[in-house]
Amino acid sequence: MGENKIHLTSSEIAGLWTGYMNDSMARCMLRFMLKDIQDSDIKPVLQHAYDISAKHLEQLEAVFEDEKCEIPVGFTESDINMDAPWLFTDLFCLTYVNHMAKVGMITYSGFSSMSYRDDMRQYFSRCLIETNELYNLSMGVALEKGVNSRHPYIELPKRTDFVDSKKYYSGINPFGDKRPLNAIEISHLYFNVMTNSLGIKLCLAFAQTSPTKDVQQFMLRGREISKKDMQIFADMLVNENIEPPHLPDVGVSNSAT
């Protein structure tokens, strides 16, 4: 990646730093998951995700060196115990990769839109394409296994309608006049239920395996926050007679190592 005469902008540095931290974390998580994965359909998905993160880290380190910029202190081998027993079910691993791919697409599209140097735009664009391919791969396996929770179907509009009052924006306020949820609101509520459901499992896994009491308490607090938020979002859907998502067996083992 050339163009060293053009300095990196703050947004480009932020994108590179964030990408490095995310990929170093993903490499550790995926390496541990790959150790115990049994499902022959899911394992290639995890391996593909691992290879992407490993490649990104090599590319990012080359950029930092070219720019004479300190390489961030990301997650390393010292952060995982490869001798620990299995912790996540195979379906949890698939769900984790699929969800991280969703987050990655949002992240890379954002940094791509905030990059100016040609090499930076090309890098984030390639990352977006790779992450999109990973999402499609993981989604395909999930759908084949029937373990993916689809967003709900709703009636298609039969006529055009318009918002004619500011009261519309407070339509889901419990202290105001209620109106039906719109498609955008349903989409985000549904997505956030799934996000927090995954977060509950991750927090539980890290709490029960950490030897540090402060970390345990921090993770358990995160678990309670996720449970509270998930219940709020799910109740909004139920009140509209919409069934909230039910994730498949995405559990964790009772390992404390």
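In the predicted model, the side chains of Lys 227 and Glu 224 meet in a salt bridge, with 3.8 Å from N to O, a salt bridge being a side-chain nitrogen of Lys or Arg within 4 Å of a carboxyl oxygen of Asp or Glu. Both residues lie in helix α6 (residues 213-238), three residues apart, which is about one turn of the helix; helices are DSSP runs of H or I with at least four residues, strands are runs of E with at least two, and both are numbered from the N terminus. Lys 227 is partly exposed, with a relative accessible area of 35%, and Glu 224 is likewise partly exposed, at 42%, where buried means under 20% relative accessible area, exposed means over 50%, and partly exposed lies in between (1.4 Å probe, protein chains only).

Residues are numbered from 1 along each chain as its sequence is written, and side-chain values use heavy atoms, with hydrogens and water left out. Because the model is predicted, local features need pLDDT of at least 70 and side-chain atom pairs count only at pLDDT 80 or more, whereas totals for chains, interfaces and linings use all residues.

The structure holds 12 salt bridges. Side chains of opposite charge can pair when their charged atoms come close. One of these pairs is formed by the side chains of Lys 55 and Glu 130, at 2.5 Å from N to O. This pair links distant parts of the chain, 75 residues apart, with Lys 55 in helix α2 (residues 43-66) and Glu 130 in helix α4 (residues 118-145). Lys 55 is partly exposed, with a relative accessible area of 35%, while Glu 130 counts as buried at 14% relative accessibility. A further salt bridge joins the side chains of Glu 67 and Arg 117, at 2.9 Å from N to O. Here too distant parts of the chain are linked, since Glu 67 is in the loop between α2 and α3 (90-113) and Arg 117 is in the loop between α3 and α4, 50 residues apart. Arg 117 counts as buried, at 3% relative accessibility. Asp 39, Asp 41 and Lys 145 are linked in a network of salt bridges.

As to the overall fold, the protein chain has six helices and zero strands, and its elements run α-α-α-α-α-α from the N terminus on. The C-alpha atoms fill a box of roughly 60 × 50 × 40 Å, taken along the principal axes. Of the 257 residues in the protein chain, 39% are buried. Asp 164, placed in the loop between α4 and α5, is exposed, with a relative accessible area of 75%. The C-alpha atoms of Asp 164 and Ser 255 are separated by 56 Å, the two residues being 91 residues apart along the chain.

On the surface, Met 25, Phe 75, Met 100 and Val 103 form a nonpolar patch with about 290 Å² of accessible area together. Patches are made of residues with over 30% relative accessible area and no salt bridge, like charges being joined within 9 Å and nonpolar side chains (Val, Leu, Ile, Met, Phe, Trp, Tyr) within 5 Å; accessible areas come from the Shrake-Rupley method with a 1.4 Å probe, and for residues only the protein chains shown count as cover. Met 25, in helix α1 (residues 10-36), counts as partly exposed at 31% relative accessibility.

The largest pocket has a volume of about 490 Å³. On a 1 Å grid over the protein atoms alone, a pocket is an open set of points where a 1.4 Å probe fits, with protein on both sides within 12 Å along at least five of seven lines, and lining residues have an atom within 4 Å of a point; grid points are joined across faces, edges and corners, and a volume is the space filled by probe spheres set on the points. The lining comprises 18 residues, of which Cys 28, Met 29, Asp 79, Ile 80 and Phe 206 lie nearest the centre of the pocket. Helices α1, α3 and α5 (183-209) each supply at least two residues of this lining, and α1 gives the most, with four residues. By class, the lining divides into 13 nonpolar, four polar and one charged, where Ala, Val, Leu, Ile, Met, Phe, Trp, Tyr, Cys and Pro count as nonpolar, Asp, Glu, Lys and Arg as charged, and the others, Gly among them, as polar.

The second largest pocket has a volume of about 410 Å³, and α3 gives the most to its lining, with nine residues.
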